[in-house]
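Work through the exercises below with the sequence and the 3D view open. Try each task before you read its solution.

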Amino acid sequence: MLASTRLAYRIARREALRYKGRSVLSIVLLGLPLLGVAIGASAYDTAVLSPEQDAELYLGETDAYIEPAYMGGAIVQHSWDERNPWAEPVNSGGYEDMSDIVPSKTQILAALPLGSWIAPYDAMGWSTEEIGVQTPNGIGTIEGYGYDLSDPIYEDSGLEYLEGGAPGRGEVVLSEDAASYLEVGVGDSLETTGNQDFEVTGIVEIPWNINGHFAIGPMFPDNANGWLVDTPEELTHEDALKLNELGMTVWAGSLLDLPPSGVAVQESYMVDEWSLMIYGLLVVVILMEVILLAGPAFAISAKRRTREFALMSASGATPSQIRNTVLAGGVLFGLLAAIAAVTIGIATVAIGRPLLEQIIGQRTPSLEVLPWLQASLVVVAIATGLLSALAAAISASRVNVVAALMGRTPGRKGSKRWLVLGLVMVGAGMASGFGGITLWSLPLMAAAIVLLQLGLVACTPALLAAAARLGRWMPLAPRMALREAGRNRGSAAPAIAAVLGVVAGGMAFTLVVTADNVRNESNQDRALPEGTTTLDLYSFVDIDEDGKVVEEADYDAGAAEAEAKLRKHLSDVELIPVSLSDVGFDCAAGVEGIDDPLQAYCNYTLVRPEANECSYWQIETTNEDEVRAAVEAAREDPRCDETSANSGWGLYEVPTSDDPRVVELYTGLKGEKLDEAMAVLDEGGVIVSDSWAIDDSGQVEFLTEIWDMNSDGEAAATFTTTLPAMSVDRDRLGYAGVFLSPGAAEELGMTPSHWIQRYVVETSTAVDGALVESIASDLSPKLVNGSIEARFERADYTDRSSLYIMLAVAALCAAITLGSTAVSTGLIIAEQRQEMTTLGAVGAAPGLRKRFAMWQTTMIALFGTLLGTIAGLIGYALIQAALNRPLQNQYPFETLYGWELPWANFGIMLLAVPILAAVGALVFTKARLPSERRLT
């Protein structure tokens, strides 16, 4: 047994060395997907830092980073190995002033060992100051940090000077990206929108924020929410507990090994059932892609070795020995493919590490390889090599010895048998998929993907035989290609299967990204239609002790000044005012139980009539099964139409107007419907996006609650207001879901916002991003003697990141599809060398071989992409069910993954790939036929 196995591997090794080109192609087909996994594994392990590496990146040589927990007193810190640790307050009695929340520098130093030093720092990136600056193209913004870089603690934390040195008074340093964005360097000036110039003294890098657009200078506001800590000795647990008593969380390299405490942090974060399902299905898709991609090489290789197998059989080799010989080639090629993929993958990440750091936005301490996954790739490669060679091994063991030795190829029949088998497998796959979704079974859903793809592969010979009959109506070259494919289905079918596997995986992933993009867009606030241009004027007003505005901003003067600047860029400009109503500062004035109106707030809620409330809100249980049942009942209840996108976020900055143009813009109503809406608004009514909020009399009810911020009890006062109303589509009116008439705003006690005044800008000029930036430059500095800030914007809801991902996936799949098509076609053409010699001998023109190869390539690409698209759609149906499973049990309803088709990707795969494959075959296939030179 051992000798037989050793012989099989020796034959496989000699065969690989004898046909080096074919062997390399087989290894490439096996290794391409593995290379992607190897690169991804190493990149992931390099980018995802351990707690020790994370602390080193953010803290450098300093001892700790601390920040207030904002819990009003002493805390219990449960976790010690993360920047944002889990902590709970010791007492829940609240706080009286800010000193209970943010201890002073003196208090912090008193809790630390003698000789300690602290400096303000923001390791979360939450408290930067936005600074308006002059850019080469107009006006832009960067972040500002008010650190005093003369303190060496910042360099100890990892801040590095790439050029220059620390800034002094009236000077700044810039990040590398900010300097590039502003096109300035050391010695140049940074010009802000406030007409201030600061000399740039250096270019710096913060290792955890290498892509940041920021400036650091002592003149900027110090909004840091934490401190860097440097102690004479290593920070101890006792030191950390003292800081916890001040309400400060502690993140220190010396405390990373402390065990977590408390139930919340001791919970198991095992992969849940849903994640396991998704990962399992993705693994199955990838394995099928590898097997189908590498299968053609072994099938064609085995066919070319038919005479060799016949000689082995005639010499006494058993069918199992012949099978082992072919399978040994699968193991050998799988092992070589894994070694090559892992080596090239790690080398690629090592070389591309600077690019990886730019993508993730931080430095990486070292190259990591995720060794357990890389080792598992070797096992997977050997397994997939065996599976890829299995069909070829079975076919080789059944060789007709006499026919093979005589050089004859027996007629291939049985396409109907394979067709029936394929249809049975497709049917079984559909049943398995339905059962997997119903029973929520990973094995059944995985079996569905395997059976469906293999079923389509099994149907391919019958489809080729049917397509061959179409050749009679074709010109010579395509007729030859179709008939050759129908005659040599054993070669063409595996080549098509290779393309099928790649397209199926890529199409399924693309559909997931497309559906996710639609979900993200559906959750966006769309108060105004796409392309609407607006001018927002902002002002900061002073409030007296009674909640009254000391002096109103002169928005009319600001609008006039802004309009004059807009006319330099836009034609036919008209500014249509839109009042944004808000809660008045003095809304609680005179309310019994409210001593200080400035320490109170008012909350407005649109209330549905009791008969129109969704049944879900009536449950009083947290039991998972009962909650799931309530959600299922809600899906059958027409009153339950709330989604996470339009469930409402409260009434503030609510559009208010009685101008028909503004009403039409916000509501989308026209004609008689618009007239009806205007009649409601003229009566002092409102327009709402929740039709169930309107009662039988055509009115809605608003609940007003007034709360004292210094009290934990019930609302100090509540009352209701009833107003006439009309409803519009759910996706209108933005997050508030309400459009007010001036009379309704007054009735509710809401006032025009003192902070912002909006104008809809109507113009005949097409507005794009470049024009918006140019206008922003002209609208700076501030208007009306610097008291009003203007912002010109264009409503744009396009999620370009998802679009880029889809195109990247399509490009990657197209490249792999082209490669697999070219390799498979090349193997087929190599196999047909004798036929091409005969073709040349009977007088075929040299260009015929080019056209013949072109049509063979086109046919393989078309068949593969069509069948792969079908398989991808079916595979996505299963993945979609898995993705929607956890979303279906939530209310308000989440937008589910749907069937939004990526037409651009379909065009690339179904049209561009076959065309490019055909052009490539036409260009790279040699015109000289084999009969024109000696073959021996």
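## Exercise 1: A nonpolar surface patch

Leucine 922 counts as partly exposed, at 35% relative accessibility. Keep in mind that the model is predicted.

**Task.** Find the element that holds leucine 922, then list the residues of the nonpolar patch on the surface.

**Solution.** 
1. Start with the place. Leucine 922 sits in helix H29, residues 903-924.
2. Check the cut-off. Patch residues need over 30% relative accessible area, and leucine 922 has 35%.
3. List the members. The nonpolar patch consists of Leu911, Ile915, Val919, Leu922 and Val923.

## Exercise 2: A charged surface patch

**Task.** Which residues gather in a patch of positive charge on the surface? Is arginine 14 buried or exposed?

**Solution.** 
1. Name the residues. Arg6, Arg10, Arg13 and Arg14 make up the positive patch.
2. Arginine 14 belongs to helix H1, residues 2-18.
3. Judge its exposure. The relative accessible area of arginine 14 is 54%. Exposed means over 50%, so arginine 14 is exposed.

## Exercise 3: The disulfide

**Task.** How many disulfides does a search of the whole structure find? Work out which parts of the chain are tied together by cysteine 614 and cysteine 640.

**Solution.** 
1. Count. The search of the whole structure gives one disulfide.
2. Identify the partners. Cysteine 614 is joined to cysteine 640, with an S to S distance of 1.9 Å.
3. Read the geometry. The link of cysteine 614 and cysteine 640 is right-handed, with 100 degrees about the S-S bond.
4. Cysteine 614 is in the loop between strand E16 (600-607) and helix H20 (624-636). Cysteine 640 is in the loop between H20 and strand E17 (654-656).
5. Conclude. The pair therefore ties together parts that are 26 residues apart in sequence.
6. Check the surroundings. Cysteine 614 and cysteine 640 are both buried.

## Exercise 4: Salt bridges

**Task.** State how many salt bridges are counted. Then describe the bridges of aspartate 690, arginine 661 and arginine 363.

**Solution.** 
1. Take aspartate 690. Its side chain meets that of arginine 608 at 2.9 Å, N to O. Aspartate 690 lies in the loop between strand E18 (686-688) and strand E19 (699-708), and arginine 608 in the loop between E16 and H20, so this pair links parts 82 residues apart in sequence. Both aspartate 690 and arginine 608 are buried.
2. Take arginine 661. Its side chain forms a salt bridge with glutamate 574 at 2.6 Å, N to O. Arginine 661 is in helix H21 (residues 660-667) and glutamate 574 in strand E15 (residues 574-583), so the bridge ties together parts 87 residues apart in sequence. Arginine 661 is partly exposed at 38% relative accessibility. Glutamate 574 is partly exposed at 34%.
3. Take arginine 363. Its side chain meets glutamate 357 in a salt bridge at 2.7 Å, N to O. Arginine 363 is partly exposed at 24%, whereas glutamate 357 is buried at 7%.

## Exercise 5: Positive phi and a contact across the sequence

**Task.** Locate leucine 370 and aspartate 572, and give the phi of leucine 370 and of aspartate 572. Then say how far serine 571 is from serine 764 in space.

**Solution.** 
1. Leucine 370 lies in the loop between helix H12 (353-360) and helix H13 (371-397). Its phi is positive, about 50 degrees, although leucine 370 is not a glycine.
2. Buried means under 20% relative accessible area. Leucine 370 has 13%, so this residue is buried.
3. Aspartate 572 is in the loop between H19 and E15. Its phi is also positive, near 55 degrees, in a residue other than glycine. Aspartate 572 is exposed, with a relative accessible area of 59%.
4. Serine 571 is found in the loop between helix H19 (555-566) and E15. Serine 571 is partly exposed at 38% relative accessibility.
5. Compare sequence with space. Serine 571 and serine 764 are 193 residues apart in sequence, but 5.8 Å apart in space, C-alpha to C-alpha.

Note on methods
Residues numbered from 1 in each chain as written. Predicted model: local features only at pLDDT ≥ 70, side-chain atom pairs only at ≥ 80, totals over all residues. Heavy atoms only, no water. Disulfide = S-S within 2.5 Å. Helix = DSSP H or I, 4+ residues; strand = E, 2+ residues; numbered from the N terminus. Buried < 20%, exposed > 50% of the residue type's maximum accessible area, 1.4 Å probe, protein only. Patch = residues over 30% accessible without salt bridge, like charges linked within 9 Å, V, L, I, M, F, W, Y side chains within 5 Å. Areas by Shrake-Rupley, 256 points an atom, 1.4 Å probe, with all protein chains shown as cover. Salt bridge = Lys/Arg side-chain N within 4 Å of Asp/Glu carboxyl O. Lys, Arg positive; Asp, Glu negative; His and termini not counted. Charge placed at Lys NZ, Arg CZ, Asp CG, Glu CD.
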